[in-house]
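This report describes a structure in plain terms. Please look through the sequence and the model shown here before reading on.

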Amino acid sequence: MAGAQSIATADPARKVHDPTHRTAPHVTIRGLSKRFSDTAIYDNFDFDIPRGKLISVFGPNGCGKSTLINMIAGLFPVDAGEILFDGQPVSKIRFGYVFQNYREAMFPWLRAFDNIAYPLRLMGVSKAERTARVEKLVAHLGVKIDLALYPYQLSGGQQQLVSIMRALIVEPEILFLDEPFSALDYEMTLFMREQLQRVFMETATTMVLVSHDLEEAVYLSDRILLLSRHPARAVEFVAYDAPRPRTLETMSEADFISTKAHCLDVFQREVRKG
Amino acid sequence: MKRLQPLLPFVGVAVLLAVWSLTVWLRVVDPVLLPSPVATFRAMWTGMTSGKLGLDFLKTVERTIYSTVIAAVIAIPLGILLGSSEKVYRSVEFLIDFFRSTPASAMFPLFLVLFGVGDRTKISVAAFGAALVILFNVAYGVMNARKTRILAARVMGASRLRVLWDVMLLESLPQTFVGLRNGVSLALVIVVVAEMFIGSTDGLGQRVFEAQQLFDMPDMYAAIFAAGALGYGLNLLFLTIERRFVHWSGK
C-alpha cells in the first residue's frame, strides 16, 4: 500500500482529501489539547485512525499513550479539540474497551458468562437473546474456557480473554486495548497475541492497541503510531503489511526486523530529545 | 504430624483447662472465688437446660439481634448514600467519627429519658452504637470501590444509578460484612452492660450480676461463658453468611 506512511500534519484539510487513503478514516481527531496540572500532554494534536485496521500506539514513557485512547473513548475529558467517529461523537457509537488490569475490570460476583453478557444487560437485551449471543461469540472465536466459573477461578490470560469477549459482545465499531497483555507472563502473552489476531481476522473491527512492547506492537499491527515526548506529536505512522495469520516465524522475517528496527530508531531519537 | 494439624485449635483450650484445674487443685486461689471447671460446666449445663440461664441467654440473643437488625436497616442504605458521594461523606465524617468514638454507655441516661426503663432503651442504645460502626464501614466500602471497575461499567454505558446498584453496592459487600460483624459484637457488649445496670429482670448481663451478688460463683462463670459463646457464635454466623454470599471476598 503506497503512501501509507502518512504523517499527521497541522493541515487537516489536506489530509482528509489525501487520495492515498482508500477509505474514509474511521476516527478523526482535530486540535486535541490536554494538560495535566502545568504539563501539556497534547497540544493541538491531529490524527486519523483508519477503518478496519489494527493500529498500535507506541512512544516514550509518560508521553500520553493511554491518555490518548482514554480521551478517544471518552473516559477522560479533553481540554479542547474534537474527536469524531464517522462524524459522530463517542456517545453515539458502540465501542469496546479492554483494561490492562483485568482483575479489577471484571466483576468477581458474576460468572464469566454473565460478565460477557453484562453489556447486553445494560442495553436491555432479553436473557434468552443474551445467552444466544454469548454462545454465538464463544463458538465464533472457538474459546475453550469454562464460562460457568467466576473470574477469580480463571488464569490471568483466561480472564483477559473473557474481558476481550465482554468488549466484543456488543459488536463494537471500534475496540480499544490499553496494554492488555502487560500483566501476563511471556508464555500467556504469546498465546493471547494469537487470540487477539484471530479475533481481529474474524471480526475486522478497528482496533487501537496501546503497547509498551515494540515486538508486540509491530507483530499485531497494520500501522504503528509513534508518538514523541509530550506535548505528543505523531512522529511517524509506520505501515507493516505482512500477511495474516502471522506466526512466530513472521518475527524472524526481514520485513518484520527492519520495521521493528526502524521504529526503535525513531523511538530512541525521541527519547534522547527529552 | 500432618494428621494432627486439625487438633491445633484445641491445644489452647486444653492448656487453659489444665492450668485452671491445677490452680483449683493446688488451692492457689480461694475455691469460693474460683470453682473447678467441672462445677462451672455443670452449672452451665443445668442452667441452660432447666434453669433460668437458658431464658436469659435467649433474651440477650433477642435484644442483640433486634438492635443489629435495626442498625443494619438504617445504616446500610444511609452508608451507601453517603459513600456514593465522597463530598457528602467528608461533610459528615466528623460527626460519624465523633459519635463512633463516644462510648455508647454514656448515652444510657439520655436514652432512659427518651424511652424509659425497659427493652426499648437497651435495644436503641445498642442499635445506635452498632449503626455508626456499620455506617462507617458501608460508606468506606462504597467509596473504596475499585475505580477501574466503575470505569469499566461506565465505559459499557451504565448510568450513575446502574453503577451504584451493579458495582458499588456489590463492591461494598465485603466491607459491609466487616461492619456487621463489628456491629453485632458491639451491640452484644452494650446489651449485656445495659442488662446489668438498667433495672433488668432478665438477660445474661443481669444473670452475671445477680450471681455475683449472691456469691454463686459457678453460676457467674457459667453466665460469662454463655455470653462468650454467644459472641463467638454470632461472629461465626456472620462469617458463614459472608462466605456464602460474598464468595469473591478477598479474591
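Helix α3 of chain B (residues 53-83) has 31 residues and should span 45 Å at 1.5 Å a residue, which agrees with the 42 Å between its end C-alpha atoms. The expected span is 1.5 Å times one less than the number of residues. Helices (H or I, at least four residues) and strands (E, at least two) are DSSP runs, numbered from the N terminus. In α3(B) a kink of about 25 degrees lies at A75(B), shortly before the proline P77(B); the bend is the angle between axes fitted to the seven residues ending at a residue and the seven starting there.

This is a predicted model, in which local features need pLDDT of at least 70 and side-chain atom pairs count only at pLDDT 80 or more, while totals for chains, interfaces and linings use all residues. Residues are numbered from 1 along each chain as its sequence is written, and chains are lettered from A and ligands numbered from 1 in the order in which they are written.

Chain A holds an open sheet of 6 strands in the order β5-β6-β7-β3-β8-β9, with mixed pairing. Strands pair if DSSP finds at least two bridges between them. The edge strands each pair on one side only:

| Edge strand | Residues |
|---|---|
| β5 (chain A) | 95-98 |
| β9 (chain A) | 234-239 |

Within the sheet, β6 (residues 174-178) and β7 (residues 206-210) of chain A pair in the parallel sense over 5 bridges. There D178(A) stands opposite V210(A) in β7(A).

The contact takes 15 residues from chain A and 13 residues from chain B, counting residues whose C-beta atoms, placed from the backbone, lie within 7 Å. On the side of chain A that touches chain B, α4(A) gives the largest share, 3 residues.

Terms used:
Two residues are in contact if their C-beta atoms, placed from the backbone, lie within 7 Å.
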